Amino acid sequence: MRLLKVATCNLNQWAMDFDSNTQRIKHSIAIAKQSGAVIRLGPELELTGYGCEDHFLELDTVTHAWECFKDILVGDLTDGIVCSIGMPIIKGSERYNCQVLCLNRKILMIRPKMWLANDGNYRELRWFTAWKPRDQLVDFQLPTEIAEALGQTSVPFGYGFLKFKDTAVSAEVCEELFTSIPPHSELALNGVEVFLNASGSHHQLRKLDVRLRAFIDATHTRGGVYMYSNHQGCDGGRLYYDGCACVVVNGDLVAQGSQFSLKDVEVVVAQIDLDVVASLRGSVSSFQEQASCKTKVPSVEVPYSLCVPFNLKHQLSVPLKIKYHSPEEEIAFGPGCWLWDYLRRSGASGFLLPLSGGADSSSVAAIVGCMCQLVVKEIANGDEQVKADAIRIGNYKDGQYPTDSREFAKRIFYTVFMGSENSSDMTRSRAKVLADEIGSWHLNLSIDGVVSAFLLLFQTLTGKRPRYKVDGGSNVENLSLQNIQARIRMVLAFMLASLLPWVHNKPGFYLVLGSSNVDEGLRGYLTKYDCSAADINPIGSISKQDLRTFLRWAAIHLGYPSLAEVEAAPPTAELEPIRSNYSQLDEVDMGMTYEELSVYGRLRKIFRCGPVSMFQNLCYRWGGRLTPSQVAEKVKHFFKYYSINRHKMTVLTPSYHAESYSPEDNRFDLRQFLYNVRWPYQFRKIDELVSEMDVKDIVQEAGDHVAAASEGVGGMGVAAAGSGNPKVGF
């Protein structure tokens, strides 16, 4: 037997925070060594943090990374343990995203990333160059200060692997795993048994299965030990990196870290018998044949042994059942952990949320409540960093710290119901009950006086007073009156967030939380600079359907039973007067359902459909209940209002990224914001398709009548031409 103990980790790094990043790396190495591991894998670009973005273009960033790397290597941390550390490196005039493999205070080799992530939220080609050569390793001259400190002048640089006395190890960096021909397939044929995947992978609802399947598939048929390390937390932007460091052996998961956690450092350890890898490979004839005629990959000889022989004191890791969270748990824990990181790193003292009693703001409130529960639980588990942060943020004195989530929420969470004459008693009551269940400091106020002051000013200025549509006003008047209320609430929210801590003798300021969902953003069903305009928004890329499912779950599992009543209520903005014969409803206002919006969003973004291809797809999808002309009207209606309101996405509050059809304009969904909203060419093509389909339907129907008449007259069963034509799209 060749027993090998390995360690991988989740690290909660913060972009450009070199001191803290270095400390977390050191801590993870120390834990790995203490466990007896001889390989330690860290996340991609862990020294700088993954989300530095254009800071990667600054020479300072690379210089500081080298300085921190030297700090790690000059001590005894790497004695007896192979460490893979992620950092940016400049070679010649090119900048590379690299994994630096080191042992015993020396660099063994530098492995630059060959395939860069450059879609969705990722822009690596903006900052890095992909490494192209595959047939040789080249010499890399170390910076003078590093060379003097390590006693090395140059190290191997490029695509290759480390050949130890008893095994072979290689890096495969994040995106490379998901390419059409991943490096591990070639490396396995060259005898590599241990693969180190350093990643910077963000959370997205229902995505973890895709990632884990890739690790399993990488080793299921070709054998191997696949180690995966990831960032975990908010490193300064919209993404939450969702950890889940793990170890897979021959397609079996033998160690798995948490997906969501408040821990800064989490190390996952596995004890493996490498002979099971050799045994599997030796039993597969096709693997043996391909290995015999492989393309040779360069390697670096390392005269060092990593494995130990058979010893009953070493307990082998056994296959585990993969731990997946439900989508409802993902919505609770992902944004909850993201909010905690943002809160503790921003210097704020808490959150303020305009709580309307509707589904969206109630979802945000529940997520903050979940965050408070996670903090108290982690403190009870002995996490001193979480405890220190909670004491500082909650302004605890005399050795006190949070032991109850409701008490903690009272210290750090304001909720405000900003009612008007258009608000119902039901939403007011739901907001109050939910606030009590969570424990927030709840305020109930009326904005009618402020609205009246605005209207009086307008009337004095113009001599006219706008009316609601139900009172005989025009659409312009009706919309303006709704916008006044929405924008007043935004101004009040920021004022209260700034001043309420002062009123209650608390230090600092509060962050205003937004609560618009992804579907409203896509449709533009929000007022520009209303309560959707906030500091951050934890649900900005989560669909209404997922939020409603989350509310039902949270009512039971988070202990906030009033959420069931919130979920059951029809969505309404409550910006228009309530009459006996009229009540404002979101889906009526939008001219489409939230379910339809979710379909439009996925077709537009995930399947890259323009108006015409969306129409064609929906003819198949909805053909059983809608005619082509009805489908055409729905598609035109969506694209009209999507394009009219696209400008709102340019000022959308920074939101937690959770959904693959998010319309977020900053980096994920890059499109113009000034459209020809008539879409003349595209809509004309749709009309032509509808006309063609109508003609075919008429011909089909006529043919059916002729065929029926023929059968009735002569019994010959002769069908007229055209009677066999199928209906298009049904």
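Lys and Arg count as positive and Asp and Glu as negative.

**Figure 1. Charges of the predicted chain.** The model is predicted. The chain carries 75 positive and 82 negative charges. Their mean positions lie 1 Å apart.

**Figure 2. Overall fold of the chain.** The secondary structure comprises 23 helices and 20 strands. The radius of gyration is 30 Å, close to the 27 Å from the globule rule for 730 residues, so the chain is as compact as a globular protein of that length. Along the principal axes, the C-alpha atoms fill a box of roughly 95 × 85 × 50 Å. Among contacts with a separation of 6 or more, 73% join residues 24 or more positions apart.

**Figure 3. Surface and burial.** The accessible surface of the chain is about 30400 Å². Carbon and sulfur atoms hold 54% of that surface. Of the 730 residues, 55% count as buried.

**Figure 4. The largest nonpolar core.** This core has 62 residues. W66, F69, I89, I107 and I110 have the most contacts inside it. Helix 2 (residues 59–73) supplies the largest share, seven residues. In soluble globular proteins, nonpolar side chains tend to be buried together.

**Figure 5. Surroundings of I110.** Residues up to four places away in sequence are not counted here.

**Figure 6. A second core.** This nonpolar core is separate and has 59 residues. Its members include C372, V375, L434 and A658.

Key. Residues are numbered from 1 along each chain as its sequence is written. This is a predicted model: local features need pLDDT of at least 70, side-chain atom pairs count only at pLDDT 80 or more; totals for chains, interfaces and linings use all residues. Side-chain values use heavy atoms; hydrogens and water are left out. Helices (H or I, at least four residues) and strands (E, at least two) are DSSP runs, numbered from the N terminus. The radius of gyration is taken over C-alpha atoms; the globule rule is 2.2 Å times the number of residues to the power 0.38. Buried means under 20% relative accessible area, exposed over 50%, partly exposed in between (1.4 Å probe, protein chains only). Contact means heavy atoms within 4.5 Å. Accessible areas come from the Shrake-Rupley method with a 1.4 Å probe; for residues, only the protein chains shown count as cover. The place of a charge is taken as NZ of Lys, CZ of Arg, CG of Asp or CD of Glu. A nonpolar core is a set of buried Ala, Val, Leu, Ile, Met, Phe, Trp, Tyr and Cys residues joined through side-chain atoms within 4.5 Å.
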